[in-house]
Structure formats: structure tokens, C-alpha cells
Amino acid sequence: MTPEIISLSSEPMPYMTDCDLKRFGAFEYHCSRCCDYFVLIFMLGSCLKFTEDSRLTTLSAGEWYIQKKSLRQSAPLPSPNAEYYWIHFRADYADDPMSSIRLPIRGSFRPELAVPMLEELHSACQRSPRNPFELQSGFYRLLDLIYAHENACSPLTASVISYLNGHYREPVTSRTLAAHFHYSAEYINKRLKEEMGTTIHACLAKLRLQRASRLLVYSDRPVQEIARECGFSDVSLLYKAFRRAFGLSPSQYRREHQVSFRPPQDNDT
């Protein structure tokens, strides 16, 4: 079963605001609320039961979970003696899977790795004044632990992405990849969709667009030459891609974003 995924914007990066250790009593319930922030939970003991938009979730020791912002949370059942660390963090959802942070909603963790990091983060939150760099670095270490453990691509997907990065200038098609990797185009697309949230065509278009936009900003090369360099078979396709992505022609995009390489003049100082 494919895990539920959230795609978070990498600009700005997720930002932790608070962290604490929670221990429930024998008859305590999860609170009812609707948060404007995400909550990352690391379960240490017993079980935690709560609903999100009326869907019941049960977490056991050794599991982590991300409660999504703006969902109504409640609890029809108590969570006797539940014990867990919670981390509040702010982040925006992202629409572009190729430039986002993709995290599963839940997974398992190794206590010997995660608990010392959680204890350090908790201690840093208790100190006054707080060191924001210490807090965020500790938070990112935990996200990195989750990301590395849960978000690793299969060897096939990693190889396909690597191939596209090296051959986007060429007329790559689904048939090209099927012949190179000895899998059907349908299967390759299925793997990319499940693991990266994209398709062969969308990934290739994104790579070409990223390269073209950088050349427009950081060079004075003609638009037609950039189109050929980035794998667009016709300059009109480059124009269509920029119109769809930015609402601008390549020339307009260059005028608005280009970095000047003009040497400083005497009257600039």
C-alpha cells in the first residue's frame, strides 16, 4: 500500500516553533482543536488515539506521525498513559513535486537514534533565551532522519531521474527509457508517480525549464540557442513552456530576472 504523502514547500523551509514531552493520565483524551500548524509526533509508550476530520488514527510506540494543519482533531476514545514527544512546525504546502520536500504522513523510528535527538531538542526548548539556530538544526536533523529512512527512492526511480538529468538535452521519450532500462514505459511512469509524484514527461519538462530559466538569467545567449541547448525541438515550445509556468515569454522573463554582468563604473561607488 502506497503511503500518504505530503509535499511541503522548500522556500521557506519548515520552521519549528515548539517542542515538549507529553504524558497522558489513565483516562486522558487527545484534545479537540484545529491547528494552523503541523504537529510531528514521536510515540514513546502506549497508544494515542485521535481523529482528523472524523478519520480515526491510532499510533503505537515506535511510530512517528505528522498531523496536518487545518484539519479538525478530536478524540472519541481515551489514550491511557500515552507518552510522546510533539513538535509544532510551520510550513506551506507545495504543488511542484520536483522542487518540494516530500514526506510520508507516518512511519516507524529507531528509538536509539531518535530519542537522544528528541531529548536534546527538548532541552534546547527549555532554555532561556532560546538559541534559534540550535532549535532549527535539531529539528532538521529529525526531519533528515525521517526523510532518509522513509523517502528513499527505489534503485529504478533513482536511475531514471539520474538519466533524465544527464540526457534532458536529447529527444528522450518513454520508449527511450523503456529500451534503456528494460521496463515498460507504463511501469516506469507508475514508479515515478508513486515515489516522486510526477511522470516521465513532467520530470523532463521541469528539468528543461529549470535549465532554460538559469541560462536566461545568467547568460546573454540568444533565446533560440537556449531552446536547442535545453532540449526544446522548436523555440515555440520554449515560449509555450514559459507562458504556462510563469505567464511570461522567455524574453520578458530575462528582462525581469537577469543578473547583470556589467563591470562597475566609476560613478557606481
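## Where two helices cross

Let's start with a helix pair: Leu156, Thr157, Val160 and Ile161 in H3 meet Tyr187, Ile188, Arg191, Leu192, Glu195 and Met196 in H5, where contact means heavy atoms within 4.5 Å. Sorted by class, the contact of H3 with H5 has 7 nonpolar, 1 polar and 2 charged residues. Here Ala, Val, Leu, Ile, Met, Phe, Trp, Tyr, Cys and Pro count as nonpolar, Asp, Glu, Lys and Arg as charged, and the others, Gly among them, as polar. Helix H3 covers residues 155-167 and helix H5 residues 185-196; they pack at an angle of about 100°, with their axes 10 Å apart. That makes H3 roughly perpendicular to H5. The axes are lines fitted to C-alpha atoms, for helices over the stretch in contact, with angles running from 0 to 180 degrees between N-to-C directions. Angles of 65 to 115 degrees count as roughly perpendicular, those under 35 as roughly parallel, those over 145 as roughly antiparallel and the rest as oblique.

Ala158 is also found in helix H3. With a relative accessibility of 39%, Ala158 counts as partly exposed; the cut-offs are under 20% relative accessible area for buried and over 50% for exposed, with partly exposed in between (1.4 Å probe, protein chains only). Ala158 and Pro14 lie 144 residues apart along the chain, and their C-alpha atoms are separated by 25 Å.

## How to read the model

This is a predicted model, in which local features need pLDDT of at least 70 and side-chain atom pairs count only at pLDDT 80 or more, while totals for chains, interfaces and linings use all residues. Residues are numbered from 1 along each chain as its sequence is written, and side-chain values use heavy atoms, with hydrogens and water left out.

Helices (H or I, at least four residues) and strands (E, at least two) are DSSP runs, numbered from the N terminus. Two strands pair if DSSP finds at least two bridges between them.

## The five-stranded sheet

An open sheet of 5 strands has the order S2-S9-S4-S7-S11, with antiparallel pairing. Strand S2 (15-23) and strand S11 (106-108) stand at the edges with a single partner strand each, so one side of each is left without a neighbour in the sheet. On average, and with direction ignored, neighbouring strands of this sheet are turned by 15° against each other.

Helix H1 (residues 111-126) packs on the sheet, where it touches S2, strand S4 (38-45) and strand S9 (83-90). The direction of H1 makes about 105° with that of S2.

## The four-stranded sheet

Another open sheet has 4 strands in the order S3-S8-S5-S6, and its pairing is antiparallel. Strand S3 (33-34) and strand S6 (55-60) are the edge strands, each pairing on one side only. S3 and strand S8 (residues 72-74) are joined in the antiparallel sense over 2 bridges, with Cys34 standing opposite Arg72 in S8.

## Strand S1 and Ser9

S1 pairs in the antiparallel sense with strand S10 (residues 100-104) over 5 bridges. Because 4 of the 5 residues of S1 are buried, this strand is largely enclosed by the rest of the structure.

Ser9 lies in strand S1 (residues 5-9) and is buried, with a relative accessible area of 14%. The bridge partner of Ser9 in S10 is Ser100. The side chain of Ser9 also reaches the backbone oxygen of Glu11 at 2.9 Å. Leaving aside residues up to four places away in sequence, Ser9 touches Pro14, Asp92, Tyr93, Ala94 and Ile101.

## Backbone details in the loops

Two cis peptide bonds deserve a look. The bond from Glu11 to Pro12 is cis, with omega near 0°, and Pro12 has its place in the loop between S1 and S2. The peptide bond from Ser128 to Pro129 is cis too, with omega near 0°; Pro129 lies in the loop between H1 and helix H2 (132-150).

Positive phi values come next. Ser46, in the loop between S4 and strand S5 (47-52), is a residue other than glycine with a positive phi near 60°. At 36% relative accessibility, Ser46 counts as partly exposed. Asp53 has a positive phi of about 50° although it is not a glycine. The place of Asp53 is the loop between S5 and S6, and at 47% relative accessibility Asp53 counts as partly exposed.

Terms used
A polar contact is a pair of N or O atoms within 3.5 Å; within protein, one must be able to donate a hydrogen and the other to accept it, and residues adjacent in sequence count only if both atoms are side-chain atoms.
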